[in-house]
Amino acid sequence: MSYSLSVIVDGLQGAIKEPRCLTALVNQSFIGRIEIIVPYDDNFPLLEQLLRPKFPDVRFVKLEGKRAYAECRSAAVHLATGDIVAITEDHCIPQPEWAVNIIASHAQPHAVVGGAVDKLTPDTPLNWSLYLADYARYMNPRPAGPTHELTDCNVTYKRAALDAIAPVWQTEFHEPEVHGALAEQGNSLWF
């Protein structure tokens with residue numbers, strides 16, 4: 001079965017205790033089905049066993065050994081069947097209309113579309129420091145427009161564009177390399 005949207009959820013530090021990202025994804029206000037893929041490795045041996053009862057339609061993909069996030073992402077992108085492939089991380093909580101907005105954004109010719117990352121609670125100095133260090137350039141308000149970089153927490157790709165540069169992400173999916181290769185081929189990145 002082919003989907004219009006595949007979502008890859010990466011970075012599973014908090015997914016077992018608080019699967020807020022998966023909950024938000026399965027509750028999207030989206031007509032149709034979303035393919036949700038969760039790659040994981042030996043760092044989380046019980047992940048599928050613990051989460052499958054709550055999320056029976058999520059595709060959990062076990063990779064042998066301990067893998068880098070980039071390897072997990074690459075494996076999941078290979079398996080994704082959607083015309084659009086989204087990548088997010090388990091600490092992100094997509095808004096209810098996130099999937100609808102992705103499909104609408106990809107009606108434009110841009111190969112890559114990404115969005116903002118808003119800070120949620122708890123509001124501790126440490127959390128703010130981490131947020132500002134990693135996501136300040138993706139904070140709202142930020143105007144829509146062309147860009148050279150997008151966060152790996154909220155980024156989407158036309159599948160055809162990814163397939164055209166498959167050797168770049170064959171074994172590891174690093175956003176800067178993928179985005180650079182897409183731009184070199186004349187594709188646009190849009191915030």
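A residue is termed buried at under 20% relative accessible area, exposed at over 50% and partly exposed in between, with a 1.4 Å probe and protein chains only. By this criterion Ser-74 is buried, at a relative accessible area of 1%. The model is predicted, so that local features need pLDDT of at least 70 and side-chain atom pairs pLDDT 80 or more, whereas totals for chains, interfaces and linings use all residues. Numbering runs from 1 along each chain as its sequence is written, and side-chain values use heavy atoms, without hydrogens and water.

Ser-74 belongs to helix α3 (residues 69–79), helices being DSSP runs of H or I with at least four residues and strands runs of E with at least two, numbered from the N terminus. The side chain of Ser-74 reaches the backbone oxygen of Trp-169 at 2.8 Å, and a polar atom of this side chain lies 2.9 Å from the backbone oxygen of Gln-170. Beyond four places in sequence, Ser-74 touches Trp-169, Gln-170, Thr-171, Glu-172 and Phe-173 (heavy atoms within 4.5 Å).

Pockets were defined on a 1 Å grid over the protein atoms alone, as open sets of points with protein on both sides within 12 Å along at least five of seven lines, a 1.4 Å probe being used; lining residues have an atom within 4 Å of a point. The largest pocket has a volume of about 1000 Å³, the space filled by probe spheres set on the points, which are joined across faces, edges and corners. Its lining has 36 residues, of which Cys-92, Ile-93, Ala-116, Val-117 and Asp-118 are the closest to the centre. Helix α5 gives the most to this lining, with 5 residues.

Terms used. A polar contact is a pair of N or O atoms within 3.5 Å; within protein, one must be able to donate a hydrogen and the other to accept it, and residues adjacent in sequence count only if both atoms are side-chain atoms.
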